[in-house]
Amino acid sequence: MVIFGASGDLTKRKLMPALYSLYREKRLGGEFYILGIGRTNYSDEGFRSYILREMKEFLNPADLEEETMAAFADRLRYLPMDPSKDEGYPELRKRIVELSGAERPDNLLFYLATPPVLYGVVPLHLKKVGLNTPHARIIVEKPFGYDLKSAQELNQIYASVFDESQVYRIDHFLGKETAQNVLALRFANGVFEPLWNRNYIDYVEVTAVENLGIEERGGYYDASGALRDMVQNHLIQLVALTAMEPPAVFNADNFRNEVLKVYESLTPLTEEDFQEHIVRGQYTASEHRKGYREEKGVAPESRTETYIAMKLGISNWRWAGVPFYIRTGKQMPTKVTEIVVHFKPTPHQMFHAAGGEAPKANALVIRIQPNEGFVLKTDMKTPGAGFDVQQVSMDFTYGQLGGVPAGDAYARLIDDCIQGDPTLFTRGDAVEASWRFFTPVLDYWKQNPDVSLYGYPAGTWGPKESEAMTREHGAEWTNPCKNLTNTDQYCEL
Ligand SMILES: NC(=O)c1ccc[n+]([C@@H]2O[C@H](COP(=O)([O-])OP(=O)(O)OC[C@H]3O[C@@H](n4cnc5c(N)ncnc54)[C@H](OP(=O)(O)O)[C@@H]3O)[C@@H](O)[C@H]2O)c1
(Lines give C-alpha, C1' and ligand atoms only; values in the text may rest on other atoms or scores of the structure.)
Protein backbone atom coordinates (compact mmCIF):
# COMPACT_ATOMS: atom_id res chain seq x y z
CA MET A 1 0.00 0.00 0.00
CA VAL A 2 1.36 3.38 -0.98
CA ILE A 3 0.04 6.43 0.87
CA PHE A 4 0.56 9.79 -0.81
CA GLY A 5 0.42 12.56 1.79
CA ALA A 6 1.76 10.25 4.52
CA SER A 7 3.11 13.12 6.63
CA GLY A 8 -0.34 14.73 6.80
CA ASP A 9 -3.22 14.98 9.20
CA LEU A 10 -5.46 12.30 7.69
CA THR A 11 -2.71 9.68 7.70
CA LYS A 12 -1.88 10.06 11.37
CA ARG A 13 -5.42 10.67 12.58
CA LYS A 14 -7.38 8.09 10.58
CA LEU A 15 -5.41 5.91 8.17
CA MET A 16 -2.72 4.58 10.48
CA PRO A 17 -5.12 3.81 13.36
CA ALA A 18 -7.42 2.07 10.83
CA LEU A 19 -4.56 0.05 9.32
CA TYR A 20 -3.30 -0.84 12.77
CA SER A 21 -6.75 -2.11 13.76
CA LEU A 22 -6.90 -4.21 10.56
CA TYR A 23 -3.44 -5.54 11.38
CA ARG A 24 -4.52 -6.51 14.91
CA GLU A 25 -7.53 -8.31 13.49
CA LYS A 26 -5.20 -10.13 11.08
CA ARG A 27 -6.97 -8.65 8.09
CA LEU A 28 -3.75 -7.48 6.44
CA GLY A 29 -2.77 -11.06 5.72
CA GLY A 30 0.52 -12.32 4.35
CA GLU A 31 3.40 -10.09 3.41
CA PHE A 32 2.48 -6.46 3.14
CA TYR A 33 4.19 -3.12 3.39
CA ILE A 34 2.88 0.39 3.78
CA LEU A 35 5.04 2.88 1.93
CA GLY A 36 4.51 6.51 2.93
CA ILE A 37 5.20 9.26 0.41
CA GLY A 38 5.70 12.94 1.16
CA ARG A 39 8.08 15.83 0.67
CA THR A 40 8.98 15.81 4.36
CA ASN A 41 12.35 14.22 4.70
CA TYR A 42 11.83 11.14 6.91
CA SER A 43 13.99 8.05 6.88
CA ASP A 44 12.14 4.72 7.25
CA GLU A 45 13.03 4.74 10.93
CA GLY A 46 12.09 8.40 11.38
CA PHE A 47 8.68 7.77 9.79
CA ARG A 48 8.07 4.73 12.03
CA SER A 49 8.81 6.63 15.22
CA TYR A 50 6.64 9.56 14.02
CA ILE A 51 3.71 7.23 13.34
CA LEU A 52 4.15 5.33 16.62
CA ARG A 53 4.20 8.61 18.50
CA GLU A 54 1.05 9.89 16.78
CA MET A 55 -0.82 6.60 17.11
CA LYS A 56 -0.49 6.88 20.88
CA GLU A 57 -2.53 10.05 20.62
CA PHE A 58 -5.17 8.82 18.19
CA LEU A 59 -5.71 5.21 19.28
CA ASN A 60 -8.01 4.08 22.05
CA PRO A 61 -5.81 3.51 25.10
CA ALA A 62 -7.22 -0.05 25.25
CA ASP A 63 -5.79 -0.77 21.78
CA LEU A 64 -2.24 0.30 22.63
CA GLU A 65 -0.36 -2.99 22.64
CA GLU A 66 3.36 -2.26 22.54
CA GLU A 67 4.36 -5.52 20.89
CA THR A 68 1.67 -5.42 18.19
CA MET A 69 2.40 -1.77 17.50
CA ALA A 70 6.08 -2.52 17.05
CA ALA A 71 5.28 -5.41 14.71
CA PHE A 72 2.93 -3.14 12.72
CA ALA A 73 5.55 -0.36 12.55
CA ASP A 74 7.99 -2.91 11.17
CA ARG A 75 5.86 -2.93 8.02
CA LEU A 76 6.16 0.83 7.47
CA ARG A 77 8.54 2.36 4.96
CA TYR A 78 8.93 5.91 3.68
CA LEU A 79 10.11 7.53 0.47
CA PRO A 80 10.67 11.28 0.49
CA MET A 81 9.53 12.70 -2.85
CA ASP A 82 7.29 15.40 -4.25
CA PRO A 83 4.26 13.58 -5.68
CA SER A 84 3.47 16.53 -7.95
CA LYS A 85 6.74 16.10 -9.90
CA ASP A 86 7.66 13.17 -12.10
CA GLU A 87 11.32 12.91 -10.91
CA GLY A 88 10.51 10.73 -7.90
CA TYR A 89 8.34 8.11 -9.65
CA PRO A 90 11.08 5.86 -11.10
CA GLU A 91 12.48 5.59 -7.55
CA LEU A 92 8.96 4.83 -6.27
CA ARG A 93 8.69 2.01 -8.78
CA LYS A 94 12.10 0.70 -7.71
CA ARG A 95 11.08 0.71 -4.02
CA ILE A 96 7.87 -1.15 -4.82
CA VAL A 97 9.77 -3.75 -6.86
CA GLU A 98 12.19 -4.25 -3.96
CA LEU A 99 9.45 -4.53 -1.34
CA SER A 100 7.22 -6.83 -3.37
CA GLY A 101 10.07 -8.97 -4.68
CA ALA A 102 8.28 -8.99 -8.06
CA GLU A 103 9.66 -7.43 -11.22
CA ARG A 104 6.07 -6.55 -12.24
CA PRO A 105 4.30 -5.86 -8.96
CA ASP A 106 0.52 -5.87 -9.29
CA ASN A 107 -0.95 -6.35 -5.81
CA LEU A 108 -0.96 -2.62 -5.16
CA LEU A 109 -3.18 -0.20 -3.32
CA PHE A 110 -2.57 3.53 -3.69
CA TYR A 111 -4.17 5.97 -1.28
CA LEU A 112 -4.38 9.64 -2.21
CA ALA A 113 -4.33 11.52 1.10
CA THR A 114 -2.85 14.68 -0.35
CA PRO A 115 -4.54 18.03 -0.89
CA PRO A 116 -7.06 17.68 -3.75
CA VAL A 117 -4.90 19.61 -6.25
CA LEU A 118 -2.83 16.44 -6.61
CA TYR A 119 -5.73 14.07 -7.32
CA GLY A 120 -5.45 14.64 -11.06
CA VAL A 121 -1.65 14.63 -11.14
CA VAL A 122 -0.60 11.48 -9.28
CA PRO A 123 -2.46 8.94 -11.48
CA LEU A 124 -0.82 10.34 -14.61
CA HIS A 125 2.62 9.99 -13.03
CA LEU A 126 1.78 6.43 -11.94
CA LYS A 127 0.83 5.62 -15.51
CA LYS A 128 4.13 6.97 -16.87
CA VAL A 129 6.11 4.48 -14.78
CA GLY A 130 3.70 1.62 -15.44
CA LEU A 131 2.28 1.40 -11.92
CA ASN A 132 -1.32 1.43 -13.18
CA THR A 133 -1.21 -2.35 -13.31
CA PRO A 134 -4.37 -4.40 -14.02
CA HIS A 135 -5.03 -5.32 -10.38
CA ALA A 136 -3.87 -2.09 -8.74
CA ARG A 137 -6.52 -0.11 -6.85
CA ILE A 138 -6.57 3.55 -5.95
CA ILE A 139 -8.49 5.18 -3.12
CA VAL A 140 -9.12 8.88 -3.67
CA GLU A 141 -10.10 11.09 -0.76
CA LYS A 142 -12.90 13.59 -0.93
CA PRO A 143 -13.51 16.15 -2.31
CA PHE A 144 -13.61 14.65 -5.80
CA GLY A 145 -13.76 17.87 -7.80
CA TYR A 146 -15.01 21.26 -6.69
CA ASP A 147 -17.81 21.53 -9.27
CA LEU A 148 -19.25 19.53 -12.17
CA LYS A 149 -16.58 20.49 -14.69
CA SER A 150 -13.63 19.66 -12.43
CA ALA A 151 -15.24 16.34 -11.38
CA GLN A 152 -15.74 15.43 -15.05
CA GLU A 153 -12.13 16.32 -15.81
CA LEU A 154 -10.92 14.18 -12.92
CA ASN A 155 -13.08 11.27 -14.03
CA GLN A 156 -11.58 11.54 -17.51
CA ILE A 157 -8.07 11.43 -16.08
CA TYR A 158 -8.88 8.36 -13.99
CA ALA A 159 -10.54 6.67 -16.97
CA SER A 160 -7.35 7.21 -18.97
CA VAL A 161 -5.24 5.49 -16.31
CA PHE A 162 -7.43 2.90 -14.57
CA ASP A 163 -10.57 0.92 -15.17
CA GLU A 164 -13.52 2.32 -13.17
CA SER A 165 -13.49 -0.91 -11.10
CA GLN A 166 -10.01 0.05 -9.82
CA VAL A 167 -11.05 3.51 -8.60
CA TYR A 168 -12.40 3.82 -5.04
CA ARG A 169 -13.72 7.33 -4.28
CA ILE A 170 -13.94 7.29 -0.53
CA ASP A 171 -16.45 9.11 1.62
CA HIS A 172 -16.06 7.85 5.15
CA PHE A 173 -19.74 8.57 6.01
CA LEU A 174 -20.79 5.43 4.17
CA GLY A 175 -18.26 3.42 6.16
CA LYS A 176 -20.21 4.12 9.32
CA GLU A 177 -22.06 1.13 10.68
CA THR A 178 -25.11 3.27 11.35
CA ALA A 179 -25.27 4.72 7.83
CA GLN A 180 -25.37 1.15 6.53
CA ASN A 181 -28.00 0.36 9.13
CA VAL A 182 -30.40 2.74 7.35
CA LEU A 183 -30.55 0.06 4.66
CA ALA A 184 -31.13 -2.73 7.19
CA LEU A 185 -33.83 -0.71 8.94
CA ARG A 186 -35.62 -0.03 5.69
CA PHE A 187 -35.14 -3.26 3.80
CA ALA A 188 -35.03 -5.90 6.53
CA ASN A 189 -38.27 -4.72 8.18
CA GLY A 190 -41.57 -5.17 6.39
CA VAL A 191 -43.34 -2.77 8.71
CA PHE A 192 -41.77 0.41 7.34
CA GLU A 193 -41.89 -0.23 3.61
CA PRO A 194 -45.66 0.32 3.06
CA LEU A 195 -45.37 3.66 4.88
CA TRP A 196 -42.14 4.81 3.22
CA ASN A 197 -43.61 7.13 0.60
CA ARG A 198 -45.45 10.37 -0.06
CA ASN A 199 -48.77 8.92 1.17
CA TYR A 200 -47.56 8.61 4.76
CA ILE A 201 -44.42 10.70 5.06
CA ASP A 202 -44.86 14.42 5.55
CA TYR A 203 -41.23 15.53 5.35
CA VAL A 204 -37.73 14.30 6.05
CA GLU A 205 -34.94 16.09 7.90
CA VAL A 206 -31.26 15.28 7.51
CA THR A 207 -28.90 16.99 9.92
CA ALA A 208 -25.13 16.69 10.22
CA VAL A 209 -23.72 19.33 12.53
CA GLU A 210 -20.73 19.64 14.79
CA ASN A 211 -19.75 21.72 17.77
CA LEU A 212 -16.26 22.44 16.48
CA GLY A 213 -15.10 25.20 14.18
CA ILE A 214 -12.74 24.68 11.27
CA GLU A 215 -9.76 23.86 13.49
CA GLU A 216 -6.51 24.13 11.51
CA ARG A 217 -8.20 23.80 8.11
CA GLY A 218 -8.88 27.49 7.47
CA GLY A 219 -7.06 27.66 4.12
CA TYR A 220 -8.94 24.67 2.73
CA TYR A 221 -12.31 25.50 4.24
CA ASP A 222 -12.41 29.14 3.20
CA ALA A 223 -12.07 28.11 -0.44
CA SER A 224 -14.59 25.32 0.00
CA GLY A 225 -17.47 26.10 2.38
CA ALA A 226 -20.20 23.88 3.81
CA LEU A 227 -21.89 23.04 0.51
CA ARG A 228 -18.75 21.55 -1.01
CA ASP A 229 -17.41 20.12 2.24
CA MET A 230 -20.54 18.38 3.53
CA VAL A 231 -23.65 18.71 1.39
CA GLN A 232 -22.48 17.55 -2.02
CA ASN A 233 -21.14 14.32 -0.54
CA HIS A 234 -22.18 13.35 3.02
CA LEU A 235 -25.66 14.83 3.25
CA ILE A 236 -26.74 13.82 -0.19
CA GLN A 237 -25.62 10.26 0.51
CA LEU A 238 -27.83 10.16 3.58
CA VAL A 239 -30.69 11.45 1.42
CA ALA A 240 -29.96 8.64 -1.05
CA LEU A 241 -29.99 5.96 1.66
CA THR A 242 -33.33 7.28 2.90
CA ALA A 243 -34.94 7.70 -0.50
CA MET A 244 -33.53 4.91 -2.70
CA GLU A 245 -35.50 1.97 -4.01
CA PRO A 246 -34.53 -1.47 -2.72
CA PRO A 247 -32.09 -3.11 -5.14
CA ALA A 248 -33.42 -6.45 -6.45
CA VAL A 249 -30.17 -8.15 -5.45
CA PHE A 250 -27.84 -6.46 -2.99
CA ASN A 251 -24.53 -6.02 -4.74
CA ALA A 252 -22.23 -3.13 -5.52
CA ASP A 253 -23.60 -2.30 -8.95
CA ASN A 254 -27.26 -2.53 -8.02
CA PHE A 255 -26.79 -0.49 -4.86
CA ARG A 256 -24.84 2.20 -6.70
CA ASN A 257 -27.40 2.26 -9.51
CA GLU A 258 -30.13 3.04 -7.00
CA VAL A 259 -28.06 5.81 -5.40
CA LEU A 260 -27.51 7.31 -8.83
CA LYS A 261 -31.25 7.21 -9.58
CA VAL A 262 -31.94 9.28 -6.47
CA TYR A 263 -29.40 11.91 -7.50
CA GLU A 264 -30.86 11.99 -10.98
CA SER A 265 -34.37 12.43 -9.56
CA LEU A 266 -33.52 15.48 -7.45
CA THR A 267 -35.81 18.28 -8.57
CA PRO A 268 -33.61 20.87 -10.32
CA LEU A 269 -33.31 24.05 -8.28
CA THR A 270 -34.82 27.25 -9.60
CA GLU A 271 -34.02 30.91 -9.01
CA GLU A 272 -36.79 30.91 -6.38
CA ASP A 273 -35.08 27.99 -4.59
CA PHE A 274 -31.74 29.80 -4.59
CA GLN A 275 -33.40 32.72 -2.85
CA GLU A 276 -36.05 31.09 -0.66
CA HIS A 277 -34.99 27.51 -0.01
CA ILE A 278 -31.28 27.81 0.70
CA VAL A 279 -30.11 29.52 3.86
CA ARG A 280 -26.43 30.31 4.28
CA GLY A 281 -24.87 31.15 7.61
CA GLN A 282 -21.47 31.92 9.08
CA TYR A 283 -20.59 31.66 12.77
CA THR A 284 -19.74 34.83 14.58
CA ALA A 285 -17.86 35.25 17.87
CA SER A 286 -19.70 34.31 21.04
CA GLU A 287 -18.68 34.28 24.67
CA HIS A 288 -15.89 31.67 24.58
CA ARG A 289 -15.61 30.99 20.88
CA LYS A 290 -13.95 32.76 17.99
CA GLY A 291 -15.91 33.95 14.99
CA TYR A 292 -15.17 32.33 11.64
CA ARG A 293 -13.49 35.45 10.28
CA GLU A 294 -11.01 35.40 13.17
CA GLU A 295 -9.87 31.84 12.39
CA LYS A 296 -6.37 31.20 11.00
CA GLY A 297 -6.29 31.06 7.20
CA VAL A 298 -9.69 32.77 6.78
CA ALA A 299 -10.06 36.06 4.91
CA PRO A 300 -11.19 38.86 7.27
CA GLU A 301 -14.15 39.68 4.99
CA SER A 302 -14.85 36.07 4.04
CA ARG A 303 -18.37 35.26 2.81
CA THR A 304 -17.83 31.49 2.93
CA GLU A 305 -20.76 29.62 4.49
CA THR A 306 -20.11 27.52 7.59
CA TYR A 307 -23.80 26.62 7.78
CA ILE A 308 -26.28 25.71 5.10
CA ALA A 309 -29.89 24.58 5.20
CA MET A 310 -31.69 23.56 2.02
CA LYS A 311 -35.02 22.24 0.89
CA LEU A 312 -34.76 19.49 -1.71
CA GLY A 313 -37.40 17.66 -3.70
CA ILE A 314 -37.25 14.25 -5.32
CA SER A 315 -39.31 13.98 -8.49
CA ASN A 316 -40.41 10.37 -8.59
CA TRP A 317 -43.47 8.33 -7.69
CA ARG A 318 -42.36 7.59 -4.15
CA TRP A 319 -41.38 11.09 -3.10
CA ALA A 320 -43.15 13.72 -5.24
CA GLY A 321 -44.24 16.56 -2.96
CA VAL A 322 -42.26 15.42 0.12
CA PRO A 323 -39.68 18.02 1.12
CA PHE A 324 -36.27 16.86 2.30
CA TYR A 325 -34.79 19.50 4.60
CA ILE A 326 -31.06 19.13 4.98
CA ARG A 327 -28.64 21.16 7.06
CA THR A 328 -25.07 21.16 8.22
CA GLY A 329 -23.07 23.60 10.27
CA LYS A 330 -19.91 24.24 12.23
CA GLN A 331 -19.92 25.58 15.78
CA MET A 332 -23.39 24.28 16.61
CA PRO A 333 -24.42 23.43 20.19
CA THR A 334 -23.65 19.73 19.72
CA LYS A 335 -22.28 17.12 17.35
CA VAL A 336 -25.03 15.06 15.80
CA THR A 337 -25.83 13.35 12.52
CA GLU A 338 -29.37 12.08 12.18
CA ILE A 339 -32.21 11.49 9.77
CA VAL A 340 -35.71 12.26 11.03
CA VAL A 341 -38.62 10.88 9.07
CA HIS A 342 -41.79 12.79 9.97
CA PHE A 343 -44.99 10.89 9.26
CA LYS A 344 -48.26 12.60 8.42
CA PRO A 345 -50.66 13.23 11.31
CA THR A 346 -53.74 11.04 11.66
CA PRO A 347 -56.46 12.18 9.22
CA HIS A 348 -58.90 13.02 11.99
CA GLN A 349 -57.90 14.05 15.50
CA MET A 350 -60.83 12.78 17.56
CA PHE A 351 -59.18 13.11 20.99
CA HIS A 352 -58.38 16.72 20.27
CA ALA A 353 -61.93 17.32 18.99
CA ALA A 354 -63.18 15.95 22.33
CA GLY A 355 -61.09 18.52 24.20
CA GLY A 356 -57.88 16.50 24.76
CA GLU A 357 -54.29 17.39 23.83
CA ALA A 358 -53.61 17.23 20.09
CA PRO A 359 -51.48 14.17 19.32
CA LYS A 360 -48.15 14.83 17.67
CA ALA A 361 -47.38 13.13 14.37
CA ASN A 362 -45.16 10.04 14.52
CA ALA A 363 -41.49 10.42 13.76
CA LEU A 364 -38.64 8.00 13.26
CA VAL A 365 -35.25 9.33 14.28
CA ILE A 366 -32.32 7.45 12.83
CA ARG A 367 -29.22 8.40 14.78
CA ILE A 368 -26.04 8.05 12.74
CA GLN A 369 -23.80 9.49 15.48
CA PRO A 370 -23.42 9.73 18.46
CA ASN A 371 -25.86 7.64 20.58
CA GLU A 372 -26.15 5.39 17.55
CA GLY A 373 -29.56 3.80 17.20
CA PHE A 374 -33.09 4.85 16.43
CA VAL A 375 -36.12 6.26 18.18
CA LEU A 376 -39.74 5.82 17.12
CA LYS A 377 -41.99 8.52 18.49
CA THR A 378 -45.57 7.44 19.13
CA ASP A 379 -48.51 8.90 21.01
CA MET A 380 -49.94 7.23 24.12
CA LYS A 381 -52.74 8.07 26.49
CA THR A 382 -51.70 10.09 29.48
CA PRO A 383 -52.82 8.04 32.50
CA GLY A 384 -55.81 9.43 34.35
CA ALA A 385 -59.10 11.10 33.53
CA GLY A 386 -59.93 12.40 30.05
CA PHE A 387 -58.24 11.48 26.80
CA ASP A 388 -55.05 13.46 26.65
CA VAL A 389 -52.30 11.84 24.66
CA GLN A 390 -48.59 12.49 24.86
CA GLN A 391 -45.64 11.58 22.74
CA VAL A 392 -43.35 8.82 23.99
CA SER A 393 -40.22 7.31 22.49
CA MET A 394 -39.32 3.71 21.75
CA ASP A 395 -35.54 3.64 21.77
CA PHE A 396 -33.01 1.28 20.36
CA THR A 397 -29.33 1.93 20.89
CA TYR A 398 -26.44 0.06 19.40
CA GLY A 399 -25.27 -0.67 22.94
CA GLN A 400 -28.04 -3.32 23.00
CA LEU A 401 -26.28 -5.17 20.17
CA GLY A 402 -22.91 -4.95 21.88
CA GLY A 403 -22.07 -1.45 20.63
CA VAL A 404 -20.75 -0.03 17.41
CA PRO A 405 -17.53 -1.90 16.53
CA ALA A 406 -14.41 -0.05 17.62
CA GLY A 407 -12.79 -0.23 14.16
CA ASP A 408 -14.00 2.94 12.58
CA ALA A 409 -15.31 3.78 9.11
CA TYR A 410 -11.83 4.01 7.56
CA ALA A 411 -10.89 0.48 8.68
CA ARG A 412 -14.11 -0.88 7.20
CA LEU A 413 -13.62 0.94 3.90
CA ILE A 414 -9.92 0.14 3.47
CA ASP A 415 -10.76 -3.49 4.20
CA ASP A 416 -13.57 -3.41 1.60
CA CYS A 417 -11.16 -2.00 -0.97
CA ILE A 418 -8.59 -4.70 -0.21
CA GLN A 419 -11.35 -7.28 -0.66
CA GLY A 420 -12.37 -5.60 -3.94
CA ASP A 421 -15.84 -4.58 -2.74
CA PRO A 422 -16.71 -1.08 -4.04
CA THR A 423 -20.30 -0.98 -2.69
CA LEU A 424 -19.65 1.79 -0.18
CA PHE A 425 -17.49 3.89 -2.48
CA THR A 426 -18.88 6.51 -4.82
CA ARG A 427 -19.01 5.68 -8.50
CA GLY A 428 -17.85 8.24 -11.06
CA ASP A 429 -21.32 8.78 -12.52
CA ALA A 430 -22.81 9.42 -9.06
CA VAL A 431 -20.17 12.05 -8.23
CA GLU A 432 -21.03 13.81 -11.46
CA ALA A 433 -24.79 13.54 -10.87
CA SER A 434 -24.40 15.08 -7.44
CA TRP A 435 -22.24 17.92 -8.79
CA ARG A 436 -24.68 18.39 -11.67
CA PHE A 437 -27.38 19.11 -9.10
CA PHE A 438 -25.34 21.38 -6.80
CA THR A 439 -23.15 23.28 -9.26
CA PRO A 440 -25.97 25.71 -10.23
CA VAL A 441 -26.07 26.78 -6.56
CA LEU A 442 -22.34 27.56 -6.64
CA ASP A 443 -22.78 29.40 -9.94
CA TYR A 444 -25.64 31.44 -8.52
CA TRP A 445 -23.55 32.45 -5.52
CA LYS A 446 -20.67 33.38 -7.78
CA GLN A 447 -22.89 35.53 -9.98
CA ASN A 448 -24.59 37.10 -6.93
CA PRO A 449 -21.79 37.69 -4.42
CA ASP A 450 -24.14 39.69 -2.19
CA VAL A 451 -26.51 36.74 -1.73
CA SER A 452 -27.66 36.70 1.92
CA LEU A 453 -25.26 35.29 4.47
CA TYR A 454 -26.56 35.26 8.03
CA GLY A 455 -24.38 35.45 11.10
CA TYR A 456 -25.12 33.09 13.99
CA PRO A 457 -23.30 33.13 17.28
CA ALA A 458 -20.92 30.17 17.64
CA GLY A 459 -22.61 27.53 19.76
CA THR A 460 -26.16 28.14 18.48
CA TRP A 461 -28.38 26.29 16.01
CA GLY A 462 -27.78 28.57 13.03
CA PRO A 463 -29.70 31.37 11.37
CA LYS A 464 -33.35 31.88 12.23
CA GLU A 465 -34.10 32.13 8.53
CA SER A 466 -33.86 28.34 8.31
CA GLU A 467 -37.03 28.22 10.42
CA ALA A 468 -39.00 30.28 7.94
CA MET A 469 -38.01 27.87 5.19
CA THR A 470 -39.52 24.87 6.98
CA ARG A 471 -42.56 26.75 8.26
CA GLU A 472 -43.79 27.14 4.69
CA HIS A 473 -44.63 23.41 4.84
CA GLY A 474 -45.74 23.44 8.48
CA ALA A 475 -42.51 21.63 9.30
CA GLU A 476 -40.04 22.20 12.11
CA TRP A 477 -36.40 21.29 12.67
CA THR A 478 -35.88 18.84 15.49
CA ASN A 479 -33.54 21.34 17.13
CA PRO A 480 -34.92 24.71 16.12
CA CYS A 481 -33.03 27.89 16.86
CA LYS A 482 -36.04 29.58 18.44
CA ASN A 483 -35.19 28.21 21.91
CA LEU A 484 -32.04 30.24 21.99
CA THR A 485 -31.15 33.26 24.00
CA ASN A 486 -28.96 36.13 22.78
CA THR A 487 -30.87 36.35 19.49
CA ASP A 488 -29.74 39.95 19.10
CA GLN A 489 -26.42 38.58 17.91
CA TYR A 490 -28.01 37.27 14.72
CA CYS A 491 -27.39 39.61 11.83
CA GLU A 492 -27.04 39.63 8.09
CA LEU A 493 -23.33 39.75 7.19
N1 LIG B 1 -7.80 15.40 7.78
C2 LIG B 1 -8.99 14.83 7.80
O3 LIG B 1 -9.54 14.48 8.84
C4 LIG B 1 -9.72 14.58 6.48
C5 LIG B 1 -11.03 14.06 6.51
C6 LIG B 1 -11.67 13.78 5.30
C7 LIG B 1 -11.02 14.02 4.11
N8 LIG B 1 -9.76 14.54 4.11
C9 LIG B 1 -9.10 14.75 2.81
O10 LIG B 1 -7.90 14.01 2.77
C11 LIG B 1 -6.89 14.73 2.09
C12 LIG B 1 -5.68 14.84 3.00
O13 LIG B 1 -6.05 15.55 4.14
P14 LIG B 1 -4.99 16.07 5.21
O15 LIG B 1 -5.77 16.80 6.24
O16 LIG B 1 -4.10 14.97 5.64
O17 LIG B 1 -4.17 17.11 4.34
P18 LIG B 1 -2.81 17.83 4.66
O19 LIG B 1 -2.32 17.47 6.03
O20 LIG B 1 -2.99 19.27 4.33
O21 LIG B 1 -1.85 17.25 3.51
C22 LIG B 1 -1.33 15.95 3.48
C23 LIG B 1 0.11 15.98 3.01
O24 LIG B 1 0.17 16.33 1.64
C25 LIG B 1 1.44 16.95 1.39
N26 LIG B 1 1.23 18.17 0.60
C27 LIG B 1 0.61 19.30 0.97
N28 LIG B 1 0.60 20.21 -0.01
C29 LIG B 1 1.27 19.65 -1.04
C30 LIG B 1 1.62 20.09 -2.34
N31 LIG B 1 1.25 21.29 -2.77
N32 LIG B 1 2.31 19.28 -3.14
C33 LIG B 1 2.69 18.06 -2.70
N34 LIG B 1 2.39 17.59 -1.47
C35 LIG B 1 1.69 18.36 -0.66
C36 LIG B 1 2.03 17.32 2.72
O37 LIG B 1 3.13 16.47 2.96
P38 LIG B 1 4.63 16.95 2.63
O39 LIG B 1 4.74 18.38 3.01
O40 LIG B 1 5.45 16.00 3.43
O41 LIG B 1 4.75 16.71 1.15
C42 LIG B 1 0.95 17.00 3.72
O43 LIG B 1 1.46 16.46 4.92
C44 LIG B 1 -7.49 16.09 1.74
O45 LIG B 1 -7.84 16.10 0.40
C46 LIG B 1 -8.71 16.20 2.62
O47 LIG B 1 -9.74 16.90 1.96
C48 LIG B 1 -9.09 14.82 5.26
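Reader: How many Å separate the centres of domain 1 and domain 2, taken over C-alpha atoms?
Author: Keep in mind that this is a predicted model. The domain assignment of the chain gives domain 1 as 2–171, while domain 2 comes in two pieces, 176–400 and 426–492. Taken over C-alpha atoms, the centres of the two domains are separated by 34 Å.

Reader: Which helix gives the largest share of the side of domain 1 that touches domain 2?
Author: The contact involves 13 residues of domain 1 and 12 residues of domain 2. On the domain 1 side, the largest share is four residues, and they come from helix α6 (residues 148–161).

Reader: Over to the ligand: which helix gives the most to the shell around it?
Author: There are 20 residues around the ligand, and Gly8, Leu10, Gly38, Arg39 and Thr40 come nearest. By class, that shell holds six nonpolar, seven polar and seven charged residues. Four residues of the shell come from the helix that gives the most, α1 (residues 9–24).

Reader: What span should the 16 residues of α1 have at 1.5 Å a residue, and how far apart are its end C-alpha atoms?
Author: The expected span uses 1.5 Å times one less than the number of residues. For the 16 residues of α1 that should come to 22 Å, so it agrees with the distance between the end C-alpha atoms, which is 22 Å.

Reader: Where does α1 bend?
Author: The bend in α1 is about 35°, and a proline, Pro17, follows within four residues of it. Just after the helix, Lys26 takes a positive phi of about 60°. The bend itself is at Leu15.

Reader: What do the buried residues of α1 pack against?
Author: The buried set in α1 includes Thr11, Leu15, Pro17 and Tyr23. The buried residues of α1 pack against β1 (2–4), β2 (34–38), α2 (44–58), α3 (66–73), β4 (109–112) and α12 (409–419).

Reader: Is Lys311 buried or exposed?
Author: Lys311 is placed in strand β9 (residues 307–312). Leaving out residues up to four places away in sequence, Lys311 touches His277, Pro323, Tyr325 and Met469. The cut-off for burial is 20 or more other C-beta atoms within 10 Å. Lys311 has 22 C-beta neighbours inside 10 Å, so it counts as buried.

Reader: How many Å apart in space are Lys311 and Leu79, C-alpha to C-alpha?
Author: In sequence, Lys311 and Leu79 are 232 residues apart. In space, C-alpha to C-alpha, Lys311 and Leu79 are apart by 47 Å.

Terms used
Residues numbered from 1 in each chain as written. Predicted model: local features only at pLDDT ≥ 70, side-chain atom pairs only at ≥ 80, totals over all residues. Near = placed C-beta within 6 Å. Helix = DSSP H or I, 4+ residues; strand = E, 2+ residues; numbered from the N terminus. Nonpolar A, V, L, I, M, F, W, Y, C, P; charged D, E, K, R; others polar. Bend = angle between axes of the 7 residues up to and from the residue. Buried ≥ 20, exposed ≤ 12 C-beta atoms within 10 Å, placed from the backbone. Contact = placed C-beta atoms within 7 Å. Domains from an automatic or database assignment.
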